[in-house]
Amino acid sequence: MKPAFFTQLSIGGVTVDALVDEYLHWALGRGRFSRHRDGRLAMGIPAKLTVEALGSSGDHPGDNDCLLQVRRADGIALLRMVQRDSGDGSIFWHNVVRVSASTNASMIEHAIIRTAPRNVELEPRASSPTVVDDIIKAYSRGGVEPRDLYNAKATLRDANDTEAFVRHVLRDRDRAVPILAVTRGARTDKPAVDAALLAKHLRGMVTVAELTSRASADALFQELNDAGFDRRFTCFDGGVRLYAPRLEPSDPLHRHPLWIRTWLLDLASDFERRTDLLAGIVAGRIAEAAMPSNLVRCIQDFDRQERRRFAERVLAAPPPDPGQSMASILAQSKEQISALEGALRGANETIEIYDASNREVTEQLAEAKKRIDELEFEAQSERLKAEALEQQLAAKASKEANGIPVELRSDIAASLFGEVAPEVALRLIAATWPERIIVLESALKSARKSDEFKYPDDALDLLVSLATEYYEALIRGGGDNEARKVFGKNQFAPTENDLPKDGIKRRTFKYKGEQVQMLTHLKIGVKDSVAETLRIHFHWDAKDRKIVIGHCGPHLDFD
C-alpha cells in the first residue's frame, strides 16, 4: 500500500450534505465535473448510477472490479471509490473520503492510496483530485482552512521576496500546510525539477515556493541563520526541501527532508519524469505523516459498528409473548440468530484484519531492521573514509586548527565571503576532493600568473564541475560527449591538433616521475589577455582514478 494524496480541510458555513453532493457528482462525472464522465465510465462506474441512488448507505459494484461505497449517519458521511489502474490492471486506486460536522464548519479528510500484489513494485505517484481544488474555489468565501492551500505556488525572485516569505509564511507558527522549496543550480541557474508541475501534482497538499535566483537562496539561508537555525536547514544549488508546519530551530533535520541536486539528477534523466517521481515521494511523505490511521478502513469499521449495534438491539428485545404463535416465536429466534451470526462474522473479520495487519507489520519491521543494518554499515564505511581523509590532511598540514590546516583557513574564508583567485580555487579543490584531484606545482605556479583574471567565479565553477560531475562521468565510463554535457561544447576541448613541438612541450608536465602530455583542457575566453583568458589542462589517471591538473592559468601559446 502506497499513499498518493492526503488533505484535511475545514469549511465554514457549509453542510455535510452539500459537500457529499460535491463528491458524488465528482465520483459520477456529473454537473460541473462532467468533463470526467468518460473517464469514470472507463473505470467501470455504472452508467445508470445516479447521485440520488448514492444518497444513502450502500455498495454499488461496477465493471472491471470498480466499487463505490457510501455510508451515511448523523453528522458523518463516508465514501470509498475503488478502480483499477489504467496502465497496470494489478494496481488498484482507492479514494477514501470522510466528511464530518464540527462546530460551525464541516471537515473533509480525503486520502488516495494504491495497492498491488506483493510482487508488483509501486513507483511513487502523486494524485491530486480536481474535486478538492474545486471545493476550495467554490467555498473560499465561507472560509476554508488551512488558508495556505489557496495558493499552490509562490515565486521568490529576489532577497526581499524571500525575506518576507520566510518571516511571514515559512516561520508562521500557525502554518498548517507544508512548504516545498525549489532552488536553482548555482552553476547552471536551472532547477533540477519543474516547480509548476510539482505544484500541479501536489495541490491541496503543499505550497511550492520557487526560488528563482541566487539572491533568493542566499536570503533563505540568512533569514534562517539569523533566526537561530542550524545552517543545514537551508536549501540551495538545485536542491528541494520540504518544510513541515511549525518549523522550529530545535526540530530534528529529518523532519524537514532535503533532496540534493545530484540525488535528483540520479532519480531520472528526463526532466518531467524526475519531477513526477519527486512529487510521488513528497506526497507519500506528507500522507504518511498526516493521514489518520483509521481513515483507510473507516467504512469497514462503520459496518462492524452497525452490525454490533443491530445485534445489541436484537438481544435487548423482550422475550417472545407466550400468546404468540410458534411460527412467530421461531421467526423472532431466527432473527436473533441471524443478528448474532452477523456480529460473529464481523468479529471474525476484525480478527483476520488484525492478524493480517500484524503479519504485515512484522514483515515491515524485519525489512526496516535490515535497512537500518545496511544504513549503519554504510555510515560506518563513510566514517572510516572521513577518518582516513582527516589523517591525510593532518599529514600534509604542518599546523592545524580545528582540523583545518592553517594555510587553508584564509582561502576558505575568501571563498565564503568573496571571489577567489585561481590559485586559491585550486588549493580549495585539492583539499576538498583529495581522493579525486591532484594539483601539480606547475598548475599552482601558472595560476599565480592569473591573479588579475576577471572571471574567478567561472574558473571555480569549472573546477568544481571537474571534481564532481565530470569525475563521476569518468567513473561511469563516459567519454567526450558526457564531458560536453557537463561543461558545454565551448568550454571543453578533448585535444589540440596541429601543435608544433614547442606547443606540445608547453603542454607536457611531470607527473609520477614521467613527462605526461595534457592536451585535454577547459577554456574561458580566446583573447591574448591574462585578464580575460584562462586554460585548465589536465590528465585522467585511470589507474589511480584521479584527475591531475598540470596547468591553470593563461593560454599556453600567449604566455
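Start by selecting F233, which counts as buried at 2% relative accessibility (buried means under 20% relative accessible area, exposed over 50%, partly exposed in between, with a 1.4 Å probe and protein chains only). Two notes before going on: this is a predicted model, where local features need pLDDT of at least 70, side-chain atom pairs count only at pLDDT 80 or more, and totals for chains, interfaces and linings use all residues. Residues are numbered from 1 along each chain as its sequence is written, and side-chain values use heavy atoms, with hydrogens and water left out.

**Aromatic rings**

A search of the whole structure turns up 8 aromatic pairs. Rings of Phe, Tyr and Trp (its six-membered ring) pair if their centres lie within 6.5 Å; planes under 30 degrees apart count as stacked, over 60 as edge-to-face and the rest as tilted.

Now jump to Y470 and F487. How are these two rings arranged, stacked, tilted or edge-to-face? They are tilted, with 5.5 Å centre to centre and 55° between the planes. The pair links distant parts of the chain, with Y470 in helix α14 (residues 456–475) and F487 in helix α15 (residues 480–487), 17 residues apart. For reference, helices (H or I, at least four residues) and strands (E, at least two) are DSSP runs, numbered from the N terminus. Y470 counts as buried at 7% relative accessibility, and F487 is buried with a relative accessible area of 7%. Show F492 and F538 as well, and you'll see a cluster: ring pairs link Y470, F487, F492 and F538.

**Charges over rings**

Select R40 and W26 next. The charged end of R40 sits over the W26 ring, 4.6 Å from its centre. The cut-off here is NZ of Lys or CZ of Arg within 6 Å of the ring centre and within 35 degrees of the ring normal. Then pick R114 and W93, where the charged end of R114 sits over the ring of W93, 5.4 Å from its centre.

**Cavities**

Switch to a surface or cavity display. Which kind of space are we after? On a 1 Å grid over the protein atoms alone, a cavity is a set of points where a 1.4 Å probe fits but cannot get out, and lining residues have an atom within 4 Å of a point. Grid points are joined across faces, edges and corners, and a volume is the space filled by probe spheres set on the points. By this rule there are 2 cavities of 30 Å³ or more.

For the largest cavity, select V20, Y23, L24, V70, A77, L78, L79, V97 and V99, which line it. The space inside is about 60 Å³. Helix α1 (16–28) and the strands β4 (76–84) and β5 (92–102) each supply at least two residues of this lining. By class, the lining has 9 nonpolar, no polar and no charged residues (Ala, Val, Leu, Ile, Met, Phe, Trp, Tyr, Cys and Pro count as nonpolar, Asp, Glu, Lys and Arg as charged, and the others, Gly among them, as polar).

The second largest cavity has a volume of about 50 Å³. Its lining includes L156, T162, F165 and Y243. Which element gives the most to that lining? Pick α4: it gives the most, with 4 residues. By class, the lining of this second largest cavity has 10 nonpolar, 1 polar and no charged residues.

**A buried arginine**

Select R535, in strand β20 (residues 534–541). R535 counts as buried at 6% relative accessibility.

Most residues other than glycine have a negative phi, and most peptide bonds are trans. With that in mind, zoom in on E145 and P146, where the peptide bond from E145 to P146 is cis, with omega near 0°. P146 lies in the loop between β7 (144–145) and β8 (153–156).

Next, pick N64, in the loop between β2 (58–61) and β3 (67–73). Phi of N64 is near 55°, a positive value in a residue other than glycine, and N64 is partly exposed, with a relative accessible area of 46%. Finish at R545, found in the loop between β20 and β21 (546–553). Phi of R545 is near 55°, and R545 counts as partly exposed at 43% relative accessibility.

Note on methods: On a 1 Å grid over the protein atoms alone, a cavity is a set of points where a 1.4 Å probe fits but cannot get out, and a pocket is an open set with protein on both sides within 12 Å along at least five of seven lines; lining residues have an atom within 4 Å of a point.
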